[in-house]
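Entries follow in the order I looked things up.

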Amino acid sequence: MNVHSHQQSTLLEVSLDPLLSFLDGRKDSLLDPLAFAITAEEAGADGLSIYLSAKNANVRQALMQTMSQQFTGRLKINATAIAQTLDIVSEIRPANVCLVAADGGSDERFAPVDVVEDFSLLQSFVSQLHRNGHRSSLFVRPKPEQIQACAESGANAIVLSAERYVQADNNAMRQQALSELQAMAIESIRQGLSVQLSGNFNYQNIVALASLSDVTQINTADAIFARTLSVGWNVAVKEMKAILVRSGLTQRA
């Protein structure tokens, strides 16, 4: 896909984290996470992601290894830049690894990295990932200095946090955050980075984000899982994908 055009709709990456957290709390559950992943792809998901945290690493390693074989090139692991990550990733062999920061308030959540402050560590980690045959991305706040540092690190892609847009209290703040994301997406492209967006989107606020130019993929999680409780997993993913497709069609019209 040409990242400078909307000849296709924005790609949808579905995080399996809310589902896995739900299943972790139901030890007697007969639900199969792999079946949910297959269903998500059949419903239109272009990619799948899982957060590899210190808490869940041992539990999810076998699942992620199976998924990386089943979904070659379409599974992304979100992980912190620690030695344990390299060891596990070398066994799982995912195509993509996104470096994130641990959320101090939750073992199931992650936060943007500060590429400027931790540049040496992240650049070294990106290099090791590339030597092992993995593509890399960095999850960052949409700031010019973070984008420049991300490009200098050698990462293949940048994942911009859209939480400021999601958490905006009024339309003026939302529009300002949206304009910031568009400007940072354009700057990321100029720096040679593929651009993705990530945040706690719902089925309404994702529409404007899907219409931004130069964004190739949107990564979302909680809204689809919440919607699943009323319409089912298959339909929830289909509905979200349909929004992205319609946004792409609108851009081409």
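I looked up Arg-109 and found it partly exposed, with a relative accessible area of 41%. The model is a predicted one. I then checked the partner: the side chain of Arg-109 meets that of Asp-222 in a salt bridge, 2.9 Å from N to O. I noted that this pair links distant parts of the chain, 113 residues apart. Arg-109 lies in the loop between β5 (101-102) and β6 (110-111), while Asp-222 belongs to helix α10 (residues 222-231).

Next I took Glu-180 and Arg-164. Their closest N and O atoms are 3.4 Å apart, and the two form a salt bridge. I placed Glu-180 in helix α8 (residues 171-190) and Arg-164 in helix α7 (residues 163-166), 16 residues apart. Is Glu-180 buried or exposed? I have it as buried, because its relative accessibility is 19% and the cut-off for buried is under 20%. Arg-164 is partly exposed at 40%. I also recorded that Lys-143 joins Arg-164 and Glu-180 in a network of salt bridges.

I then turned to Glu-41, which forms a salt bridge with Arg-74, with 2.3 Å between the closest N and O atoms. This pair, too, links distant parts of the chain, 33 residues apart. I found Glu-41 in helix α2 (residues 33-42) and Arg-74 in the loop between α3 (57-70) and β3 (75-79). Glu-41 counts as partly exposed at 29% relative accessibility. Arg-74 is partly exposed as well, with a relative accessible area of 30%.

Last, I noted the total: eight salt bridges.

Note on methods: Residues are numbered from 1 along each chain as its sequence is written. This is a predicted model: local features need pLDDT of at least 70, side-chain atom pairs count only at pLDDT 80 or more; totals for chains, interfaces and linings use all residues. Side-chain values use heavy atoms; hydrogens and water are left out. A salt bridge is a side-chain nitrogen of Lys or Arg within 4 Å of a carboxyl oxygen of Asp or Glu. Helices (H or I, at least four residues) and strands (E, at least two) are DSSP runs, numbered from the N terminus. Buried means under 20% relative accessible area, exposed over 50%, partly exposed in between (1.4 Å probe, protein chains only).
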